[in-house]
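Please look over the model below and follow along with this short report. Keep the sequence at hand.

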Amino acid sequence: MILIILILAVIAFIYFNVIPKKGYMPLAIISLLIAVLSIAGIVAHDYNHYGMRTQTTTVKKELVSSASPQLPVLLYQPLGNGTEKIYLYKTKNTDKKPTPIKTDKTHASMKTAAKPSMTIKTERYVFSNGWNQFLFGWFGHNNELKHREYTFNVPKNWKVLSIKQAKSLQKQMAKRAAMMKKMQQMKQAQMKK
């Protein structure tokens, strides 16, 4: 709606300046002032989310191992030089693949806890009232993400591993299991003799 107000104010300003009649100068000034305020409102809304407030939602979910129930692990994929990490989590053992955290406007942190869980705190911009939604609704900023915070509450007996480390550990465990199976077969063979 503010775009329509801006267009009408510009048209009125041009009209009152092109057709010189007595008493049109104050109307031209008023229409120019409305146009300037409309532009300022558009810029303030676009860059500083004028007319909006922050709405926060917090969701807490149970966390299960990213790998398998027998191996309590939280996996991550390092980005760039390794300082940034995309964590891969599961909330149910029936999940086929771990879910990666979102990367846009996101921060993740770890805490030690008794039970594994995950908290997702999401902040979004929403219109502060119906009038602001009426004025700025065309710009599509409603429910725009401001920030998302993932907090992983991980027990002390859990390991936080990169995907590469997890694959290496999986290979080692498979080799160990094969060796144990071979040793059991050898013992059984000796017992039969």
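## Thr 58 and its partners

Thr 58 touches Thr 119, Ile 120 and Lys 121, leaving out residues up to four places away in sequence. This contact, like everything here, comes from a predicted model. Thr 58 sits in strand S1, residues 52-62. The C-alpha atoms of Thr 58 and Thr 122 are separated by 6.3 Å. Along the chain, those two are 64 residues apart.

Is Thr 58 buried or exposed? Its relative accessibility is 53%, so Thr 58 counts as exposed.

## Ser 117 in strand S6

Ser 117 belongs to strand S6, which covers residues 117-127. Its relative accessibility is 10%, so Ser 117 counts as buried, the cut-off being under 20%.

Which residues does Ser 117 contact, neighbours within four places in sequence aside? They are Lys 60, Lys 61, Glu 62, Leu 63, Thr 151, Phe 152 and Asn 153.

## Helix H1

H1 runs over residues 2-18 and has 17 residues. From first C-alpha to last, H1 reaches 24 Å, close to the 24 Å expected at 1.5 Å a residue. Its buried residues are Ile 2, Leu 6, Ala 9 and Phe 16. An α-helix has 3.6 residues a turn, so residues three or four places apart point the same way.

On the other side of H1, Leu 8 and Val 18 are exposed. The buried residues of H1 have cover that includes helix H2 (24-48) and helix H3 (130-136).

## Helix H2

H2 has 25 residues, which should span 36 Å at 1.5 Å a residue. Its end C-alpha atoms are 35 Å apart, which agrees.

The buried residues of H2 are Tyr 24, Ala 28, Ser 31, Ala 35, Ser 38, Gly 41, Ile 42 and His 45. What covers them includes H1, S1, S6 and H3.

Most residues other than glycine have a negative phi. At 11% relative accessibility, His 49 counts as buried.

Asn 143 is not a glycine either, yet its phi is positive at about 65 degrees. Where is Asn 143? Its place is in the loop between H3 and strand S7 (144-154). With a relative accessibility of 42%, Asn 143 counts as partly exposed.

## The second largest pocket

Now for empty space. Rolling a probe the size of a water molecule over the atoms shows where such space is left. The second largest pocket has a volume of about 220 Å³. It is lined by 12 residues. The closest to its centre are Glu 84, Lys 85, Ile 101, Thr 106 and Ala 108.

Which elements give two or more residues to this lining? They are strand S3 (84-89) and strand S5 (106-112). S3 gives the most, with 4 residues. By type, the lining of the second largest pocket divides into 5 nonpolar, 4 polar and 3 charged residues.

Key:
Residues are numbered from 1 along each chain as its sequence is written. This is a predicted model: local features need pLDDT of at least 70, side-chain atom pairs count only at pLDDT 80 or more; totals for chains, interfaces and linings use all residues. Side-chain values use heavy atoms; hydrogens and water are left out. The expected span of a helix is 1.5 Å times one less than its number of residues. Buried means under 20% relative accessible area, exposed over 50%, partly exposed in between (1.4 Å probe, protein chains only). Contact means heavy atoms within 4.5 Å. On a 1 Å grid over the protein atoms alone, a cavity is a set of points where a 1.4 Å probe fits but cannot get out, and a pocket is an open set with protein on both sides within 12 Å along at least five of seven lines; lining residues have an atom within 4 Å of a point. Grid points are joined across faces, edges and corners, and a volume is the space filled by probe spheres set on the points. Ala, Val, Leu, Ile, Met, Phe, Trp, Tyr, Cys and Pro count as nonpolar, Asp, Glu, Lys and Arg as charged, and the others, Gly among them, as polar.
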